[in-house]
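Me: Hi! I'm new to this one and would like a friendly walk through it. Could you start with the big picture and then go into the details?

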2 protein chains.
Amino acid sequence: MSDRTPVQNAELALLLEVTGTPKPGNVDRERDFADLRFEHFMAGAVGARPGLGLAADGEPVGRAFEHAVAGMADQSAGNTQFGALLLLAPLVAAAGEGDLTPAGVDRVVRGTTVADAAAFYRAFEHVDVAVDDPPEGMEPLDVRHGSDAIPELEAQGLTLFDVMAESADVDGIAAEWAGGFARVFEAAEALLADDGPVPDRASRVFLKLLAEDVDTFVVTRNSPDAAAEVQRRAQAVLDGEEDATELAEELVARDINPGTTADLVAGALFVALERGLVV
Amino acid sequence: MSDRTPVQNAELALLLEVTGTPKPGNVDRERDFADLRFEHFMAGAVGARPGLGLAADGEPVGRAFEHAVAGMADQSAGNTQFGALLLLAPLVAAAGEGDLTPAGVDRVVRGTTVADAAAFYRAFEHVDVAVDDPPEGMEPLDVRHGSDAIPELEAQGLTLFDVMAESADVDGIAAEWAGGFARVFEAAEALLADDGPVPDRASRVFLKLLAEDVDTFVVTRNSPDAAAEVQRRAQAVLDGEEDATELAEELVARDINPGTTADLVAGALFVALERGLVV
């Protein structure tokens with residue numbers, strides 16, 4: 001078993017995630033987007049580490065997340081791992097409490113406060129994140145307002161868990177928060193049960209997750225049709241009807257980036273490393 | 001200017017070094033050896049960080065180095081960045097003292113003690129490092145003895161600087177210690193003066209360093225003839241007579257690994273990041 005701390009494993013999970021290849025539509029060891037390149041993810045991981053350290057030390061999850069995002073954004077490409085950090089902050093907190101289980105992380109996220117929600121909104125001021133318009137009636141809580149939305153959060157007494165639960169049906173990260181991180185833990189077990197180099201396992205579990213459900217980041221940035229197509233074609237790769245590398249090239253060329261699924265893989269790699277995955 | 005600390009920049013330097021491609025003969029973003037792969041360098045960088053933190057905090061360089069090596073070795077491939085850490089430990093210490101200059105790092109290495117030398121010898125017990133037989137009369141100080149050599153170090157009153165100075169003519173890392181880290185600082189300026197993505201700059205400065213002098217790791221692991229050939233062919237790449245990627249493929253296939261030159265690039269990336277190189 002490695003001597004790495006939870007924070008070291010979280011940082012390594014971010015690095016291994018971007019290394020796995022092919023991960024159709026994502027920056028990986030073999031593919032860049034024009035202004036979002038491999039090295040930006042490395043600097044993002046290194047920069048995020050102090051914030052993740054706060055989570056491991058029992059600091060409030062919202063504050064830890066905001067700090068991690070600010071550090072992540074200390075490179076020239078902007079948003080690299082916002083969603084991954086939103087998963088990792090509570091997962092690292094649960095590991096810091098010695099209970100990295102669905103029940104343990106569920107307790108962490110249900111224990112968040114209005115102050116955590118405020119920190120989450122402030123995090124959007126550090127970096128541009130692609131988001132959809134809020135649902136009818138939620139306009140005052142549009143995350144794009146950043147800290148201007150905090151009075152409304154406070155007026156309604158919304159915790160970070162409440163905010164996430166509100167978006168669980170349209171956002172894959174929020175769905176994990178609301179649902180005991182079920183897909184993350186399941187993917188972690190798939191990584192552990194697999195064989196071979198870790199980046200190859202990350203690539204395989206990415207395809208499995210991609211085929212299993214629509215990527216909500218593609219829904220938001222591209223369209224529901226594009227997301228449905230990506231899901232269908234990921235299944236075709238699993239069925240041996242399409243080539244993963246060709247699909248990867250095509251999605252990058254079409255600027256279709258299933259980033260939420262990559263975030264889930266980062267979370268799963270963290271859990272698997274904590275459970276003994278050997279690099 | 002980035003808010004990264006010296007330790008964060010040192011870790012990022014290790015990550016950017018292995019990302020640069022092509023770096024003929026080395027693991028890089030596009031090439032692995034069979035049992036020494038890209039992900040091992042990532043885990044090595046993450047694991048080395050606490051030891052580098054000791055150097056930044058003013059702890060003795062030898063102890064910081066030994067700790068960094070032990071953390072680096074916490075992955076399944078063994079030695080990934082031993083030489084790079086031997087450069088980074090004093091460079092990070094100099095940065096921690098606010099004087100990351102040839103004079104500053106020279107003061108750090110000349111300030112090392114017998115205890116630092118003992119820690120350096122202990123570091124060889126954490127990992128297998130390819131080394132040559134010691135010169136005539138130096139057999140009791142063969143680094144492969146590990147801590148068994150410590151009584152002899154103490155009897156002779158040898159500091160870590162003394163040990164390095166003794167090997168400066170046969171080891172490229174030791175030569176930096178003995179010579180004010182001249183090649184590291186020169187390569188850092190080349191990185192800063194260059195244009196384009198940082199990994200591309202790392203690749204170019206690697207070729208420049210490789211053409212400039214023989215790689216002592218190739219001398220040790222392969223032969224002086226192989227090292228001379230690598231130097232000559234790196235120059236041919238710079239002259240446009242050979243293709244860098246083809247040379248990279250060939251050297252990996254022949255198991256010729258100019259690791260000392262890669263270590264110099266890691267040191268240079270650290271200095272360049274500290275001086276404002278933007279990722």
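**Two chains, side by side**

Reply: Happy to! Chain B superposes on chain A by a rotation of 180° with 0.0 Å of shift along its axis, and the RMSD is 0.0 Å. The two copies are thus related as by a two-fold rotation axis. Please keep in mind that this is a predicted model.

Me: Which residue of chain B comes closest to the rotation axis?

Reply: That is B:Arg29, whose C-alpha lies 3.1 Å from the axis. The same surface serves both copies, as 100% of the contact residues of chain B recur in chain A.

Me: How many residues does the contact take from each chain?

Reply: There are 32 residues from chain B and 32 residues from chain A.

Me: And what area is buried between them?

Reply: The size of an interface is often given as the accessible area lost when the parts come together. Here, about 2,500 Å² is buried between chain B and chain A, and carbon and sulfur atoms give 58% of that. Three residues, B:Arg29, B:Val46 and B:Val279, supply 27% of the area that chain B buries against chain A, more than any other three residues. B:Arg29 is also the residue of chain B that comes closest to the rotation axis.

Me: How many salt bridges are found across that interface?

Reply: Two. A:Arg29 forms a salt bridge with B:Asp32, with the closest N and O atoms 2.9 Å apart. There are also 17 residue pairs in polar contact across the interface of chain B and chain A.

Me: Which helices of chain B each supply at least two residues of the side that touches chain A?

Reply: Helix H1 (6-19), helix H2 (38-56) and helix H11 (198-212) of chain B do. The largest share of that side comes from H2(B), with nine residues. By kind, the residues on the side of chain B that touches chain A divide into 13 nonpolar, seven polar and 12 charged.

Me: Changing topic: how many salt bridges does the structure hold over all chains?

Reply: The count over all chains is 44. One of the pairs is A:Glu249 with A:Arg31, whose side chains meet at 2.7 Å, N to O. This pair links distant parts of the chain, 218 residues apart. A:Glu249 sits in helix H14 (residues 244-253) of chain A, while A:Arg31 is in the loop between helix H1 (6-19) and helix H2 (38-56) of chain A.

Me: Are those two partners buried or exposed, or something in between?

Reply: They fall into separate classes. A:Arg31 has 5% relative accessibility, so it counts as buried. A:Glu249 has 43% relative accessibility, so it counts as partly exposed.

Me: What about A:Arg254, which residue does its side chain meet in a salt bridge?

Reply: A:Arg254 meets A:Glu250, at 2.7 Å from N to O. A:Arg254 counts as partly exposed because its relative accessibility is 38%. A:Glu250 is partly exposed as well, with a relative accessible area of 26%. Both belong to a network of salt bridges that links A:Glu229, A:Arg233, A:Glu242, A:Glu250 and A:Arg254.

Me: Back in chain B, what does B:Asp142 pair with?

Reply: B:Asp142 forms a salt bridge with B:Arg144, and the closest N and O atoms are 2.9 Å apart. B:Asp142 counts as buried at 7% relative accessibility, whereas B:Arg144 is partly exposed with a relative accessible area of 45%.

Me: Let's look at B:Leu87. Where does it lie?

Reply: B:Leu87 lies in helix H4 (residues 82-96) of chain B. B:Leu87 is buried, with a relative accessible area of 0%. Leaving out residues up to four places away in sequence, B:Leu87 touches B:Ile173, B:Glu176, B:Phe181, B:Val184, B:Asp263 and B:Leu264.

Conventions: Residues are numbered from 1 along each chain as its sequence is written. Chains are lettered from A and ligands numbered from 1 in the order in which they are written. This is a predicted model: local features need pLDDT of at least 70, side-chain atom pairs count only at pLDDT 80 or more; totals for chains, interfaces and linings use all residues. Side-chain values use heavy atoms; hydrogens and water are left out. Copies are superposed by least squares on the C-alpha atoms of residues with pLDDT of at least 70 in both. Contact means heavy atoms within 4.5 Å. Buried area is the accessible area (1.4 Å probe) that two parts lose on being put together, summed over both. A salt bridge is a side-chain nitrogen of Lys or Arg within 4 Å of a carboxyl oxygen of Asp or Glu. A polar contact is a pair of N or O atoms within 3.5 Å; within protein, one must be able to donate a hydrogen and the other to accept it, and residues adjacent in sequence count only if both atoms are side-chain atoms. Helices (H or I, at least four residues) and strands (E, at least two) are DSSP runs, numbered from the N terminus. Ala, Val, Leu, Ile, Met, Phe, Trp, Tyr, Cys and Pro count as nonpolar, Asp, Glu, Lys and Arg as charged, and the others, Gly among them, as polar. Buried means under 20% relative accessible area, exposed over 50%, partly exposed in between (1.4 Å probe, protein chains only).
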